[in-house]
Every structure is written in C-alpha cells, then in structure tokens.
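Student: Hi, could you walk me through this one? I'd like to go from a single chain to the way the chains meet.

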4 protein chains.
Amino acid sequence: MDMFEISVTGEFERWYGEAHARPDLLGKFAYGLPEFFRDEIKSAKLVAAPGCYPTSVILALAPLLRADMIDRSRGIVSDSKSGVSGAGKEPSSRTHFVSVADNLSAYSVFGHRHTGEILEQLHLAASELIFTPHLLPIPRGILSTIYVHLAQPTCPSDVQSCFREFYAGSRWVRIFPSPQLPQIQFSLNTNYCDIGFCLADDGQRLVLVSCIDNLLKGAAGQAVQNMNLMYGWSEEAGLN
Amino acid sequence: MDMFEISVTGEFERWYGEAHARPDLLGKFAYGLPEFFRDEIKSAKLVAAPGCYPTSVILALAPLLRADMIDRSRGIVSDSKSGVSGAGKEPSSRTHFVSVADNLSAYSVFGHRHTGEILEQLHLAASELIFTPHLLPIPRGILSTIYVHLAQPTCPSDVQSCFREFYAGSRWVRIFPSPQLPQIQFSLNTNYCDIGFCLADDGQRLVLVSCIDNLLKGAAGQAVQNMNLMYGWSEEAGLN
Amino acid sequence: MDMFEISVTGEFERWYGEAHARPDLLGKFAYGLPEFFRDEIKSAKLVAAPGCYPTSVILALAPLLRADMIDRSRGIVSDSKSGVSGAGKEPSSRTHFVSVADNLSAYSVFGHRHTGEILEQLHLAASELIFTPHLLPIPRGILSTIYVHLAQPTCPSDVQSCFREFYAGSRWVRIFPSPQLPQIQFSLNTNYCDIGFCLADDGQRLVLVSCIDNLLKGAAGQAVQNMNLMYGWSEEAGLN
Amino acid sequence: MDMFEISVTGEFERWYGEAHARPDLLGKFAYGLPEFFRDEIKSAKLVAAPGCYPTSVILALAPLLRADMIDRSRGIVSDSKSGVSGAGKEPSSRTHFVSVADNLSAYSVFGHRHTGEILEQLHLAASELIFTPHLLPIPRGILSTIYVHLAQPTCPSDVQSCFREFYAGSRWVRIFPSPQLPQIQFSLNTNYCDIGFCLADDGQRLVLVSCIDNLLKGAAGQAVQNMNLMYGWSEEAGLN
C-alpha cells in the first residue's frame, strides 16, 4: 500500500467541497495508520491523522483486500455507527441530548467526507463501496459492520489466519476468534482496534465487525502511537 | 391560597435579574395550577403557566402546608432532578449529549429562578426552603425528593388521608399508597403528577417523592388542562 | 404475495431448533401484516403476529421486490438495530443496564430466527439476504438500514412512486421524500412504519432506511391493527 | 474517630436482617477509609472495605462534624444517587435496561443497609440523618447532595479551609472552590472523591456535593489504596 497522496485537483475538493489550503504539503505526509505505514511514519516529518471511521473500516478490510480474497465486483458495504463525540464538541441541535437520546439516525449517505479517505487508502473505486454512518446515543465508540463477498469459498480458519498474520506485529489490533464478535464496550478507553467476523455456510458471504474508541485509536491514542514511532519510542508508550 | 400576585418591585427582579416587561398585567393573571386555582382559572382571561419544577414541588407540599402539618422552622429541602428538555431546546455545551450522558450535576444552588415561584405559591420565607435542581441524563421527566419535619408525630394513614382528601376532585394527581413510591417512568407521556411518601418511625421525618413529565404536567399538558377549564370543557379533554 | 404457510417439515425447525407445537394449525393462519394481507386478515380466524424485525424489513423491501426492481443476484443486506425491549423482559446479563449502556453489539449473525420469516414472506432464497441484528442502548425502536442493487438504473422519483403507490391505502406507512431519512425518534410511540431512501448517482445502488416502534407497529400496535380488520373496524381505531 | 467496631448484638442485625457470620472477627478490622484511618490500616491485618455510598457521604461530612461546625439537632439529609453497577451484576427486573433507562427512582428510604455504616462512622444517632438512595440511568458514579445546618454563621472560606486542612495529606480527595461543584463525570475512571459546597447568605444553610466512581474510590480503587498502605507502598501505586 502506498503512502497517502490525495490528488490535489480532484478528490479532496469532491469530498470536502473546498480547495485544500496547502496543496504543496500533500505529498509530504505519511498516512498515520501505523499498522500499514510503520516505516513511512518512522521517517516522516509530517503525519496525517486518519479519520475515526476510516480507522475502523480500513483496518478491517485491508488484510483481505491485500490478499485478494474479496470479490470487489460484488460491492462492499460498511454500515458504521459512531458515538456523539465523533461529531465534535460544537453544540448544535443535532448533538443536543434530546436529539440523540433514545434515537438512531443514518446521515450523509453516499456523501460522508471519510468515504474519500477510505477509498483512497484501500484503492477502491467509488462504485465498490457504500459507507453509511449512523449517530449512536452513546458518548464514544465506533462499531462498523462490514459486508463483503469472498472471491472463493473459504473456511473461517483461513480468514482468521489472514488477519492474524497481517497484524502479527501490531500491538493495538486484536483479532477475535470466530464467531465471537467485538462490542463497543470492549475497546472503550483503550487504543485497540478489535476485529471479528462471521462467515456464511457458503464460505463466501462474510460479515466483519470492527470496533474502536473514536477518541483513542480513532484520534488522540493513534496520534500518540504515531508520535512514538516518529521519536523511536515503544509503540505502547503512554497508551497502557 | 391566594391568586398569584408576584410583587412588582421586588421578587421578580430578585430571581430573574431584570425588570418585568409588563408589570401592569401581573395582577390580572391566575396561576395555572388547576388543583389549587380551579375557580380562578375558570373565570380568568390570563393564566400564568407554572414552571415545571414548581409544579412538582408545590403539588407535593401544599396539602401538608395547608393542613399546618409541617414544622417550617425545621426547614424544607427539595432535591429535584430534571431531564434535559427542561433546559430548553437551545443548543449549548451544557445540553450537548456528551456533557449530559453518564453524568449528573447540581446547578443554580440557592439561586434557581423557580425558587421564587415556589416560595410565593407556598407562602414560605426564603429561609424555610432549600431547592436544589439537578440535570439528569434523560430526555424528560422530573423527580423531586422532598424532606420535611412534621409538627406532630403522625401515622402514615393520616398523611395519606391528607393527600387523598386534598386531591379528591383532581383527575391528574395520583397518590401512591406508602411505602410505594412513584418513579419518573410511571408519569412519562402522561399529564399526571404522582406523589408518594415514606414516614420515619418517629412519625415526624417525612420523605416525599413527586414525579411529573416536565413536557406535559410541567408544561403543555397543564396548559391544555387550563385551557379546558377556561373554555368550560372537561379537564381531561385532549389529555388521555 | 401468498398467505403465510411455513413448511411444517423444514423451515420452522431450521430457525427455531425444535418441532412446531401445532403443525396442524399452520395453514390456517393469515400473516398479520395488513399492508399485504388485508383481505386475508379480514376473513381469517387466526392471524400470526409478525416479528418486529421482519415488519421493518419486509415493509421496506416488498414494494421493490414485487415490482421486480431489485437485482437479487447481487444480494440484499439488512443491517438492523433494535432497542432492548425487543429482547424481552426476562432479566439476563445481556439485558442488564451495565451491559447495554454505552455499547452496541451485533448478534445472531446468519442465524437469527427472524431471518426465516423474512425470507419466506419475501420469497427470497437464504443466499439472497444477509440479516444482521444489533442491540442498541435504547429502550425501544428499530432502525433497519437495507442495501440493495436495482436491476436497472432508476431515478429517485421512480423509487418514490413505487413506494407511494404500493402504500397508497395504508394508513400506517409513511414514505419520506428522498433524501430525507426517518429516525427512530420519529416513529416512537406511534404505529407508523417510516421508510426513506438514498439512491447513488449510478441509479442502482440503493440504501433504504426503515423505522418502527417495536412495541407498537412491531408488536401490540400491529395486533390492534389486525384486530380492527378482523372485526370490521377502522384500521386506525385505538391507534391514534 | 475510632476504629470501626460494629456492635455484635445490635446494629449489624438491624440493618442486614441476619446475624453476622463471624462476630469474633468484628473487633479486628480497620475501617478501610484511608483518609481517616491511615495509621490503623497500616498496622491492620484485616481491613473492612467501606460501602460506596458511605464513602461519598462520610468523606463530605466528617471534616465539618469533627470540627463541631454542624448543628446536628437540625438534622442532616443525604440525597444520594448511584449508577446501576452499584446494584451488583446480578440480572434482575430492577437492573434490566428497560427499567433503568429514561428513569429515576428512590429506594430503601429510611432502610438502606449503608445507613448503619454511615451513622456508626460519623457517630450520629439514627434520628440525626436521613439517607435516601436513588438509582440513576448511568452505569457508574455516585453523587450525594447533602444538606446540613451550621451551628454558627460561617463564611465560605472557613468552610473551605476546614476541608482543605482536613484533607491536606490526602491524595485522593479534591476540594472544589465554592461555588464550583463536582459532577459525576469529573471523577469517573479515577480514584478521587470530589467535594464541593454552596453556602446560603445566612451562612448556616449548607449544601455539599460529593462525587465518586463507585467502582474505584467506592470499591476496587479504595481497596488498592488500602493494600498500598498495608504493604507500605505509595498510596498512589496502581491508581494513576
């Protein structure tokens, strides 16, 4: 997977609706997902912090995509749900307690900004992914339920091996033994990304579940993880 | 109990921090608590809607105060808790979901505006009541836990009789048989004010619990109840 | 669409793990979804109450399936989320407040009992649908986010027309004008099933969102609606 | 303040409704509230872990009681609110999500077991304290709002000094500058007991607010704090 190089003239404006403020710097950033760009981050002067949703989606999909196990022509669906802190601390009618409590809503269907980031990092075409965010009545935490079709009938242990090998050296990713699935509570207040899956009897229809704490692995925790790499410190420092 | 006549020069400014916009109208309002001012409301042109907290506190205390059963010199405490809709729909950092969820906070201790309204309606001196509001992590509902000292040792059935008789003709007040206590859920989405109590073995220390839905009996529901009276309709109309 | 006739020897046992207690009665039930079986219900002696999840999924998918607008070979995904009352009132560690609050979890992936009911009513093969239920930290309400691929490029107004015509005589289904989407709060404490959708630029990838109150349209409300039909009363009686 | 010595023949049975299993051991326990019994705990072989409610109430009241600043004859009220984990992990209809969410309830009025523990540690007579617990719709955290009448008119700075001096060497108690008040969120996931207060203009009516995380300072955190003392380690070890 290459370093993050969002195209100046095209993708950024499409998803953010405005020109990038510093296009001259774009090529100089490493994409700060240490599980994929550890070496680039270690030698980078500038690191771009991944979005919270992309962290949960990319970490779940990349191992299978890299191994060419997914039939992209069937389409990928990421049905993602986030706690309210993901919407920022700015007060609005949307983040008012009474709007959120006892509720669930989908938003920005086909148009959320993080879609571009996910597509780019996973080398997917826009037609290959539907990403639907939802606002959960909880303060923090993201759970993405991801639907893919495997190219060949596969057994669960091969899916598991793919993940385990990919993340063998990654302290902050936990792979759950199928059919156990992560829940948001398990990763709250930690820097973990938890990944689990269920495979249909046909060995092809696969449901992935990925959980993070959006304020840690999805934001500040991952920033510390990147800083640790940039300064040559242990990737765990300050995160236990 | 007299009709609501807040003194123009004094009490309003003390609690609201500004001059009243229409002091000329003050004497022309009936206080819209039908359980006490049914006759006044029926003949009134203008009715002042009670605050949500005062509705829960006044309905619980008035029967005992009227019957002179409370030793005011011992002081009365109303520890009141409200859902977030009581704070209005204006977005603010205080009503942001992340500020409210998983939290509880006391606010405006000794200074909440509704204190003046409670004191006036109950003919209490400021030194005789402590009213402490709290913000609950729920959308709606108020529960007031009220602590009083009875003037004479009393048995629970006499307390109960006092309430039952006082509210005999009041459709929208429910008295719970001690030691059963109302909960916020019981009155949600209804126009009821639910009142229960527990009396200590000494027959004097009394804990009252009063619950309303702040958007109904504490606001719109009570307004409909008043309108029904003003138009000569059934007090239940539109509220079942 | 035919009346509900679950095969005695096969499907029931597959999803419920035990023999049906009264196979002799199976053929005598109407499936109690009035929007599809109004005539059958009117003349039925026995009506089977639909599950809560199936109500939300079937009402969103049936119009498009009937009109042959969906490419079934691409697969259908229903990512459904339910409040806790859907799990019943039996206390368990799973429904304990501390397990549910600040959490979200997927469960029964590929194996939830309601899958069989959805497949049967929609005449789908098991391979054509993935249904994934999730437990939301709210007391009640269901939101299903449903992903389908249309057989032909279509414009949003044609999708909307399909729904509007199908539900023209149905008092308890509300179709939202795209891109407005229903939220759980909108249907709470009502008997409505709210349906909205977003269509991708390609005119084929379609996201449907369907919301109900699982205790009303998903249970007791729908039962009343059925009773109204059986007795020849207005379909609205007791539900406003 | 003396070491914890619950009377074998009386108080325990009164509050727990059964005989103590090991009355022979009662006199050998130190009461594990390090802020009061640091020396006793250091030399103790057995330490009794305080209840969660008593921790929040005793820490707020003891400094003022020791300094004889409270008029006990006026009575003390502790209106305490706890998250659901305080009720234990046993599933029950009372801890079912649907019973707790969107709700608030008072319980065990005049009869909660922790009352005996509070009375004993504070050397109060039963007639001098009303302790009312409430069940909050949150997973964890306790807030106690405590009402006392000071023996003499006092200024806020003297109240503050009383607390600051009393807890000068206590790492895990934070005194808020009046009129700032602690909230449950501030102490969550910490071992702190946060204490704040508001004093009426008369200098006598005092409202105290005390917050802890019932699973840390109210349980496991305090146990670690005690263990640290018993082993001669830093009182902070493992708690930062």
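Student: Okay, in chain A, what share of the contacts with a separation of 6 or more comes from residues 24 or more positions apart?
Tutor: This is a predicted model, and in chain A residues 24 or more positions apart account for 69% of the contacts with a separation of 6 or more.

Student: And how much of chain A is buried?
Tutor: Of the 240 residues in chain A, 52% are buried. The C-alpha trace of chain A spans about 50 × 45 × 40 Å along its principal axes. A compact globule with 240 residues would have a radius of gyration near 18 Å, and the 17 Å of chain A agrees with that.

Student: What is chain A built from, in terms of helices and strands?
Tutor: Chain A has eight helices and nine strands. Seven strands form an open sheet with mixed pairing, in the order β4-β5-β3-β6-β9-β8-β7. At the edges of this sheet stand β4 (105-106) and β7 (173-175) of chain A, and each has a single partner strand, so one side of each is left without a neighbour in the sheet.

Student: Which way do β7(A) and β8 run, parallel or antiparallel?
Tutor: They run parallel, and three bridges join β7(A) to strand β8 (residues 193-199) of chain A. As for a particular pair, A:Val173 has A:Cys193 in β8(A) as its bridge partner. In general, strands of a sheet pair through backbone hydrogen bonds, either parallel or antiparallel.

Student: Switching to helices, which residues of α2 in chain D are buried?
Tutor: In helix α2 (residues 34-42) of chain D, the buried residues are D:Pro34, D:Glu35, D:Phe36, D:Phe37, D:Glu40 and D:Ile41. Seen down the axis of α2(D), these buried residues fall within an arc of 155°, so they line one face of the helix.

Student: Why would residues a few places apart point the same way?
Tutor: An α-helix has 3.6 residues a turn, so residues three or four places apart point the same way.

Student: And what do the buried residues of α2(D) pack against?
Tutor: They pack against β1 (29-31), β2 (46-48), α3 (52-66), β7 (173-175) and α8 (220-230) of chain D.

Student: What about C:Gly169, is that buried or exposed?
Tutor: C:Gly169 is exposed, because it has 10 other C-beta atoms within 10 Å, and a residue counts as exposed at 12 or fewer. C:Gly169 lies in the loop between α6 (156-166) and β7 (173-175) of chain C.

Student: Now the chains together: what rotation puts chain D on chain B?
Tutor: A rotation of 180°, with 0.0 Å of shift along its axis, superposes chain D on chain B with an RMSD of 0.0 Å. The two copies are thus related as by a two-fold rotation axis.

Student: How many residues does each of them put into the contact?
Tutor: Chain D gives 33 residues and chain B gives 33 residues. On the side of chain D that touches chain B, 19 residues are nonpolar, eight are polar and six are charged.

Student: And how many residues are in contact between chain A and chain B?
Tutor: There, 14 residues of chain A are in contact with 14 residues of chain B. The side of chain A that touches chain B has seven nonpolar, five polar and two charged residues. Since 100% of the interface residues of chain A are also interface residues in chain B, the copies meet through the same surface.

Student: Which residue of chain A comes closest to the rotation axis?
Tutor: That is A:Phe97, whose C-alpha is at 2.0 Å from the axis.

Terms used
Residues are numbered from 1 along each chain as its sequence is written. Chains are lettered from A and ligands numbered from 1 in the order in which they are written. This is a predicted model: local features need pLDDT of at least 70, side-chain atom pairs count only at pLDDT 80 or more; totals for chains, interfaces and linings use all residues. Copies are superposed by least squares on the C-alpha atoms of residues with pLDDT of at least 70 in both. Two residues are in contact if their C-beta atoms, placed from the backbone, lie within 7 Å. Ala, Val, Leu, Ile, Met, Phe, Trp, Tyr, Cys and Pro count as nonpolar, Asp, Glu, Lys and Arg as charged, and the others, Gly among them, as polar. Helices (H or I, at least four residues) and strands (E, at least two) are DSSP runs, numbered from the N terminus. A residue is buried if 20 or more other C-beta atoms lie within 10 Å of its own, exposed if 12 or fewer, and partly exposed in between; C-beta atoms are placed from the backbone. The radius of gyration is taken over C-alpha atoms; the globule rule is 2.2 Å times the number of residues to the power 0.38. The arc is that of the directions from the helix axis to the C-beta atoms. Two strands pair if DSSP finds at least two bridges between them.
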